[in-house]
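Please open the model in your viewer and keep the selection tool at hand. The tour goes step by step, with a selection at each stop.

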Amino acid sequence: MFGKSRQKQTGDFPEEFDSNFYRSKYPRLSGMDDATLRKHYSLHGRTEGRQASPAALRSGFIPLFEHIRPILEIGPFDRPMVEGDKVSYFDVLGQEDLQKKAIANNRGGTVPYIEFVSEIGDLSIVDRKFNAVCSAHCIEHQVDLIAHLDNVAKVLEGGGYYFIAAPDKRYSFDHFIPESTVADIIDAHKEPRKTHSLANIIKHVALATHNDAPRHWEGIHADPGYEQEIGGKIKAALNLFDKANGRYIDAHAWRFSPSTFRNLMEILSSIDLIPFDIVRVYETPKPRVEFMAILRKKMEE
């Protein structure tokens, strides 16, 4: 159990660069002292995709929060990160519809009971508090990122954590699409945007490339015919948008690398547009597609 009286301290989480882990992971570097190891990672290891922390992979990240209770997982689909007593789930579809979707996509996981369902991802329907919230590949889909983070904070106890696994756009189908800016995020919030913009639908449908992370790591970012097919895909995106007639279409709205995610969260936090502080942002290791991050809800003064 993990109650209010035992909130996890930020020092309980692995450092983003763990010299002992790095040394053991790469024995050829074992003779280097901590300062030299850190310099090696900064100059070479990060761009080479060397793993600098056990928490950079899901296998080391999930144990940081899988025993926190109560906990809410957003968007578990058929592969929830956490299971068991006092675990609740939120998704845009209910269990039955998610099972149908999983079968249609030849997925072999098990869809849990979805206690909270909102087809537009509206977390305001969640009617109680949790000590932690987690999500995997959900944050990039949020129409209004600031509103999403504000709603996550509203279901968290003071000092509670948001554990995030997010795709690194450099190694995903978003490779050719520019990373999101703070101006983009604030603009969507001030609009306020309730469904994805036409621009987001075009990017998601027409400008996406392959989603094979190892190939991206090797510098192969486009399949043959990628550029030649863009025109036809734009027409398909326009048709999809028009037929939706204002209804929600699922798409990526935000694109990050670990460094830009950190920068964006720092800026939004510093001007009080989000009620979170950054605790950790772990770099994407080769040949993976995702990075891990931890945000902590600010304590009320």
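How much space lies in the largest pocket? In this predicted model, the largest pocket holds about 1,500 Å³ of space.

**Stop 1: the pocket centre.** Select His137, Cys138, His141, Gln142 and Asp250. Of the 44 residues that line the largest pocket, these lie nearest its centre.

**Stop 2: the elements around the pocket.** Now select strand 1, strand 2, helix 4 (95–104) and helix 5 (145–154), the elements that each give two or more residues to the lining of the largest pocket. Which of them gives the most? Helix 5 does, with three residues. Colour the lining by residue class and you will find 18 nonpolar, twelve polar and 14 charged residues.

**Stop 3: strand 1.** Select residues 71–74, which make up strand 1. Show the side chains: Ile71 and Glu73 point one way, while Leu72 and Ile74 point the other way. Are the four residues of strand 1 buried or exposed? Ile71, Leu72, Glu73 and Ile74 are all buried.

Stop 4: To find one of the contacts, pick Ile71 and look for Val87, its bridge partner in strand 2.

Key. Residues numbered from 1 in each chain as written. Predicted model: local features only at pLDDT ≥ 70, side-chain atom pairs only at ≥ 80, totals over all residues. Heavy atoms only, no water. Buried < 20%, exposed > 50% of the residue type's maximum accessible area, 1.4 Å probe, protein only. Pairing = 2+ DSSP bridges. 1 Å grid on protein atoms, 1.4 Å probe; cavity = no way out; pocket = protein on both sides within 12 Å on 5 of 7 lines; lining within 4 Å. Points joined across faces, edges and corners; volume = space filled by probe spheres on them. Nonpolar A, V, L, I, M, F, W, Y, C, P; charged D, E, K, R; others polar.
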